[in-house]
Amino acid sequence: MKIRSRAALAAALAALLLIAAVLTFQFALRRLHAGIEQALGPRASVEAISLGWSGVEITGLRIRGEGGAWPAADELRASRVRVVPEATSLFGDTWRVRSIEIEGGYVSLLRTRDGRLRVLPSLLDRSTAAGPAEPAPAVRIGQVRLHGAAVDFFDASVRRPAHRLRLQALDAEVGPLVLPALDQPIEIDLAGRLGGPQRDGTVKLTGHVTPATRDAALKARLAGVDLIALQPYLLRVNEGGVRRGTLDLRLDATVAKNRLHAPGTVTLTSLELGHSGGLLGTFAGVPRQAVIAAMSRDGRIELKFTLDGRLDDPKFSLNEALALRTAAGLAERLGVSVGGVVQGIGNMLGGLLGR
C-alpha cells in the first residue's frame, strides 16, 4: 500500500509539474502575443494572430509605408509568419525567440541619397516629430527563415527617382538578431533571382555582418544578371545606354574598423551598346568603340578590380569607387590606359574643332 501511495503521489506531482509547465508556456505565448501587437506599430495590420502549443502564428501581416516618404506602398508583407519563443521569455527584460519563419514575404529597402540604408523604419526608427518614442524592448531572435520572398531595393544614391532592383524567389536564413542594438554578428545565407527587363539572373550572398559596427565578411556572387538593370551603377549621366548584355560578379568583401577591402571580378557577356553618345560616347569611362571592338573579338570582357576605402570617410563613395575601378580595369583589358583615354578624347575634340 505504501508503494502504491508513493507511486500515486509521484504521478500526481508529475501531472502537476506538467500542467504547470504547460500553463507557464502558454502564459509566455500570451505575453509574446501582446508584445507582437505592441511592436508592430500603428501602420501595421494583421488578418489574424493565433496561439498554438509551440508559438504564435500571424496571417495576413502588412506594414504600410509612410505616404510620400517611402518609395513603396508597403514596408513589409507576409502571408504567414510563425514565431516560436523560448521558454525563458517568461523571465527577464529580454525577449528570446527561437525562430521566425516567413512565407510569402515581401520587404522594401531604401538607400538614401547620402548612402544610408533604411530597413523597416516603422519598427526600427524609434523617433517621431513629437520627440523620442518609448524604447523598444530588447529582443533576441535565434534565426529568421524566408521562403519564396521578394525584395524591392530602392537606391536613391545613384539616381532620382530612386533606382529599383527586384529580388524574387528569395530563400534566406539570417541570425541571430539582437534588437534594437544589432551589435552582434549576423550570419547571412541567401539566394534568389535578380529581375531584369530581358532576363533574370541569380544572386547568392553568404557571410556575416555586424550592423552596429559595420564589420563584415561577405561573399557575393551574381550570375547572368541583365546588364540593363544595373546601368546606373556602371554608366555616367552623359554615357550611352545598354541595349543588351549580362554580368557575372564575384566579390569577397571584408570590413574591419570601417575599412573596406573587396577584391572582385566582373565579366560582361554579349554586350551591345546603344547608339547615343556620338563619336565621344563612352562605357564605364572607356571609348565605346573600343568596347564594341573588344566584344566583337571575344564576345566577353573579364576584368578584376579591388575596392578599398574607409566607409566613414565622406569623400569615399562606394558607387563612385566601383565605377572608377571598373573603368580602369576595362581600359586595361582593352589596352587603353586611363591617361590614354583622356588624351584620346582631347585629340578627338581637337579634330572636331579643326586643330
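Modeller: Before we start, strands here are DSSP runs of E with at least two residues, helices are runs of H or I with at least four, and both are numbered from the N terminus. Please also keep in mind that this is a predicted model.

Colleague: Switching to phi, what is the phi of Lys-257?

Modeller: Lys-257 has a positive phi of about 50°, although Lys-257 is not a glycine. Asn-258 also has a positive phi, near 70°, and is likewise a residue other than glycine. Lys-257 lies in the loop between strand 16, residues 242-256, and strand 17, and Asn-258 is placed in the loop between strand 16 and strand 17 as well.

Colleague: Is Asn-258 buried or exposed?

Modeller: Asn-258 counts as buried, because its relative accessibility is 16% and the cut-off for buried is under 20%. Lys-257, by contrast, is exposed, with a relative accessible area of 72%.

Colleague: Let's talk about charges. How many salt bridges does the structure hold?

Modeller: The structure holds 16 salt bridges. One of them joins the side chains of Asp-74 and Arg-62, with N and O 2.5 Å apart. Asp-74 belongs to strand 4, residues 74-85, and Arg-62 to strand 3, residues 56-64, so this pair ties together parts that are 12 residues apart in sequence.

Colleague: What else does Asp-74 pair with?

Modeller: Asp-74 also forms a salt bridge with Arg-77, where the closest N and O atoms are 2.8 Å apart. Asp-74 itself is buried at 4% relative accessible area, while Arg-62 is partly exposed at 33% and Arg-77 is partly exposed at 35%.

Colleague: Which residues are linked in a network of salt bridges?

Modeller: Glu-57, Arg-80, Arg-82 and Glu-103 are linked in that way. Elsewhere, Arg-116 makes a salt bridge with Asp-114, the closest N and O atoms being 3.3 Å apart. In that pair Arg-116 counts as partly exposed, at 48% relative accessibility, and Asp-114 counts as exposed, at 57%.

Colleague: New topic: which residues form the nonpolar patch on the surface?

Modeller: The patch is formed by Leu-117, Val-119 and Leu-124, which together have about 230 Å² of accessible area. Leu-124 is located in helix 2, residues 121-124, and counts as partly exposed at 38% relative accessibility.

Colleague: Then helix 4: which of its residues are buried?

Modeller: In helix 4, which covers residues 288-298, Arg-288, Val-291, Ala-294 and Met-295 are buried. They cover an arc of only 125° around the axis, which puts them on the same side of helix 4. As background, an α-helix has 3.6 residues a turn, so residues three or four places apart point the same way.

Colleague: What is on the other side, and what covers the buried residues?

Modeller: On the other side of helix 4, Ser-296 and Arg-297 are exposed. The cover over the buried residues includes strand 17 (259-273), strand 18 (282-283), strand 19 (286-287), strand 20 (300-310) and helix 5 (318-333). Just after helix 4 comes Gly-299, with a positive phi of about 80°.

Conventions
Residues numbered from 1 in each chain as written. Heavy atoms only, no water. Patch = residues over 30% accessible without salt bridge, like charges linked within 9 Å, V, L, I, M, F, W, Y side chains within 5 Å. Areas by Shrake-Rupley, 256 points an atom, 1.4 Å probe, with all protein chains shown as cover. Salt bridge = Lys/Arg side-chain N within 4 Å of Asp/Glu carboxyl O. Buried < 20%, exposed > 50% of the residue type's maximum accessible area, 1.4 Å probe, protein only. Arc of directions from axis to C-beta. Contact = heavy atoms within 4.5 Å.
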